[in-house]
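Student: Please take me through this one, starting with a helix and moving on to the sheet and the DNA.
Tutor: Here it is.

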Amino acid sequence: MPELPEVETMRRGILPALGSRIVDIQKPRCRVKPIEVTPPPAEFRRRAKGQSICAIQRVGKRVVLRLDSDDTIVFEPRMTGLVLVADPPTLAHLRFRLDLEGGPISQILFWDRRGLGNVRLLSPRQFDQQLGPDKLGPDPLEIDADELRDRFKTSRREVKTALLDQRAIAGIGNLYASEILHRAGIHPQKHCNRLNVEAWNRIHAATLEVLNEAIRYEGSTLSDGTYRNAQNDPGGYQHHHRVYARAGQLCSTCHDQTIVRIVQSQRSTFYCPACQPKRRRARLT
DNA sequence: CCCCAGTCCTGCGGGC
DNA sequence: TGCCCGCAGGACTGGG
């Protein structure tokens, strides 16, 4: 499930396409239901053809290609989407192709097993409407602890659920929310408005540590094997998860308690009851 | 503002 | 061996 580290890895994998020119786009027919591509291929092709890629960015969990025309091409992988320069895992789920010339990469592919993702070509105005600050919060790697706290401190929501709100901050998903709170030593069911400055400082530091470490390992490829980098190679951060999908296993940090799985907002949360106590531990002596 | 349930979609694994 | 069902959780929507 691509979150910030996986999408950032995809972005880095297609950086060699910077400066290349788009010569064509294709929406291959495949046996599964087609994904959303907007606008339809004819208009998409007309507006993209001949354009050079002048920037390759990430906005939350999306990869964004900026074109000379000021239009953008946005890849949104959602659950199972991949942005590839190598051969895709299966041909049946290849959803979109950009043909390039003038650089080392001849094509960028969008592959998506479940097909919940999408590819869009957006005008500057559409970009602001769909990916602007009204829709997406800042990047968690770009803000300081004070801004992080300001964005959540009055919320009565449980902190793990709140971290998934892309309007508050954009890029954290279900996996990294659990990992971040474990690293910060914060119980996932604590309410945001009950956390003090020191707690937010710890969440901020843990966010930087976990996300940057995950980027260094090129993201997490879970047991279903779906996530791949642009070269179709798996990531390595799954070997460093401390809580995610480890229910029943001994906590690798405290070696005292086993990891617990609970459900919040219909999503799995994993935490360690010893490292992430619900109440502040009573002062001893 | 907040929260929940339902929706999209496919492949996989458990149970019978 | 085959079939059904639940599950995974990104983003979005409608209703309370």
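**Helix, sheet and DNA**

Tutor: H1 is mostly covered, with nine of its ten residues buried. Buried means under 20% relative accessible area, exposed over 50%, and partly exposed in between (1.4 Å probe, protein chains only). Helices (H or I, at least four residues) and strands (E, at least two) are DSSP runs, numbered from the N terminus. This is a predicted model, where local features need pLDDT of at least 70, side-chain atom pairs count only at pLDDT 80 or more, and totals for chains, interfaces and linings use all residues. Residues are numbered from 1 along each chain as its sequence is written, chains are lettered from A and ligands numbered from 1 in the order in which they are written, and side-chain values use heavy atoms, with hydrogens and water left out.

Student: Which elements do the buried residues of H1 pack against?
Tutor: The buried residues include Leu4, Val7 and Met10. Contact means heavy atoms within 4.5 Å. The partners of the buried residues of H1 are E3, E4, strand E6 (81-84), helix H6 (174-184) and helix H7 (197-216).

Student: In what order do the five strands of the open sheet lie?
Tutor: Two strands pair if DSSP finds at least two bridges between them. Strands of a sheet pair through backbone hydrogen bonds, either parallel or antiparallel. Here the pairing is mixed, and the order is E2-E9-E5-E4-E3.

Student: Which strands stand at the edges?
Tutor: Look for strands with a single partner. One side of each is left without a neighbour in the sheet, because each edge strand has a single partner strand: they are E2 (36-38) and E3 (53-59).

Student: In what sense do strand E5 and strand E9 pair?
Tutor: Thr72 stands opposite Leu122 in E9. Strand E5 covers residues 72-76 and strand E9 covers residues 118-122. Over five bridges, their pairing is antiparallel.

Student: Is Phe127 buried or exposed?
Tutor: Phe127 sits in helix H3 (residues 124-131). Leaving aside neighbours within four places in sequence, Phe127 is in contact with Val59, Val64, Arg66, Thr72, Leu122 and Gly132. With a relative accessible area of 11%, Phe127 is buried.

Student: Which residues does Glu213 touch?
Tutor: Glu213 belongs to helix H7. Glu213 is buried, at a relative accessible area of 18%. Not counting residues up to four places away in sequence, Glu213 touches Arg183 and Tyr237.

Student: Which residues are the closest to DNA strand C?
Tutor: A residue is near a strand if one of its heavy atoms lies within 4 Å of it. By that cut-off, 16 residues surround DNA strand C. The closest are Met79, Arg114, Leu116, Asn174 and Tyr244.

Student: How far is an N or O atom in the side chain of Tyr244 from a phosphate oxygen of DNA strand C?
Tutor: For Lys61, a polar side-chain atom lies 3.2 Å from a phosphate oxygen of DNA strand C. For Tyr244, the distance is 2.4 Å.

Student: What share of the atoms of DNA strand B within 4 Å of the protein do sugar and phosphate account for?
Tutor: Residues surrounding DNA strand B include Arg31, Lys33, His93 and Arg114. A base oxygen of DNA strand B is 2.7 Å from an N or O atom in the side chain of Arg114. The sugar and phosphate share is 77%.

Note on methods:
Polar contact = N/O pair within 3.5 Å; in protein donor to acceptor, adjacent residues only side chain to side chain.
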